[in-house]
Amino acid sequence: LHAMSINMDGDESQSLKTIAAKRVIPVHPELIKLGLLDYLHDVRALGLSNEVFPGIGENVNGEKGNAIGQAWRRHLEEQGIKQATMHTYHSFRSTAITVLKRANVPIDMRCQLVGHEFDHVGEGYSDKFTVRELYEQAIPKLFYEGLDLTLLRYVGKQFDASNGSTYRLRINDEKRRRKEAEAKAGASPKSTKVSPAKAGKPN
């Protein structure tokens, strides 16, 4: 039974909005069918970092979350779809909650899956469900009829050394910029400025 742990343990660059956001949830079997485990194996083999998606770069504020939403917006534009303000990348979670609700998945189980605080009036929060309980009682109901994801299937060795040089440059550049920012923050006004090393740009 495969699961993902959503946390910020040992990584100060990460953040969680609420205590409920820290959780362990089962991986949907559809992701296993699409080759998630093969992808993870290939990413680890490169030894780039401990990131699941090392190709995602930081924005000027050192954040990575916005990059996903921007990529989704660009994808919609490429498909000729005009994105409404109410239908963004974050709408995926709202849609999942709606599907689970219509399938009569209990509200506290839904909250635990998506990382929401459970503060329903008149109801107490039950003990946390186990990963297996979530997998057996909720995950099978997270189903979208007619959705074909076969084109997204990952084929082994796609994420190999040919990608590695590009991502390695990006990761090293982020580390360099982070060190420069820390040094600048701790430098006195009279300190000598050091010109940053030129970062390699991926082709």
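The protein exposes about 15300 Å², and carbon and sulfur atoms supply 55% of this area; accessible areas come from the Shrake-Rupley method with a 1.4 Å probe, and for residues only the protein chains shown count as cover. The model is a predicted one, in which local features need pLDDT of at least 70 and side-chain atom pairs count only at pLDDT 80 or more, while totals for chains, interfaces and linings use all residues. Residues are numbered from 1 along each chain as its sequence is written, and side-chain values use heavy atoms, with hydrogens and water left out.

Of the 203 residues of the protein, 21% count as buried. Here buried means under 20% relative accessible area, exposed means over 50%, and partly exposed lies in between (1.4 Å probe, protein chains only).

The protein contains 7 helices and 2 strands. Both kinds of element are DSSP runs numbered from the N terminus: helices are H or I runs of at least four residues, and strands are E runs of at least two. From the N terminus on, the order of the elements is β-β-α-α-α-α-α-α-α. Contact means heavy atoms within 4.5 Å. Among contacts between residues at least 6 apart in sequence, 58% join residues at least 24 apart.

The loop between β1 (3-6) and β2 (23-26) holds Lys22, which counts as partly exposed because its relative accessibility is 42%. Lys22 and Gly115 are 93 residues apart in sequence, yet their C-alpha atoms are 7.0 Å apart in space. Arg23 is placed in strand β2 and counts as buried, at 15% relative accessibility. Where does a polar atom of the Arg23 side chain find the backbone oxygen of Val114? The two lie 3.3 Å apart. With neighbours within four places in sequence left aside, Arg23 is in contact with Met4, Ser5, Ile6, Gln112, Leu113, Val114 and Gly115.

The interior can be considered next. In soluble globular proteins, nonpolar side chains tend to be buried together. A nonpolar core is a set of buried Ala, Val, Leu, Ile, Met, Phe, Trp, Tyr and Cys residues joined through side-chain atoms within 4.5 Å. The largest nonpolar core has 13 residues, of which Leu100, Val105, Met109, Leu113, Leu134, Ala138 and Leu142 touch the most other members. Helices α4 (91-102) and α5 (107-114) each supply at least two residues of this core. Apart from this core lies another, of 7 residues, among them Val43, Leu46, Leu48 and Phe159. Beyond its neighbours within four places in sequence, Leu113 is in contact with Arg23, Ile25, Pro26, Leu100, Leu134, Ala138 and Ile139.

Aromatic rings form a further set of features. A pair of aromatic rings is described by the distance of the centres and the angle of the planes. Rings of Phe, Tyr and Trp (its six-membered ring) pair if their centres lie within 6.5 Å; planes under 30 degrees apart count as stacked, over 60 as edge-to-face and the rest as tilted. A search of the whole structure finds 4 aromatic pairs. The ring centres of Tyr89 and Phe92 are 5.7 Å apart and the planes stand at 70°, so this pair is edge-to-face. Tyr89 is partly exposed at 36% relative accessibility, and Phe92 is partly exposed with a relative accessible area of 43%. Elsewhere, ring pairs link Tyr39, Phe53 and Tyr154 into a cluster.

Side chains of opposite charge can pair when their charged atoms come close. A salt bridge is a side-chain nitrogen of Lys or Arg within 4 Å of a carboxyl oxygen of Asp or Glu, and by this rule the count comes to 2 salt bridges. Glu77 forms one with Arg73, their closest N and O atoms being 3.2 Å apart. Both residues lie in helix α3 (residues 65-78), 4 residues apart, about one turn of the helix. Glu136 and Arg132 meet in a salt bridge at 3.5 Å, N to O; they both lie in helix α6 (residues 131-137), 4 residues apart, about one turn of the helix.

Finally, the backbone deserves attention. Most residues other than glycine have a negative phi. Asn104, although not a glycine, has a positive phi of about 65°; its place is in the loop between α4 and α5, and Asn104 is exposed, with a relative accessible area of 64%. Lys157, also not a glycine, has a positive phi of about 75°.

How values were computed: Polar contact = N/O pair within 3.5 Å; in protein donor to acceptor, adjacent residues only side chain to side chain.
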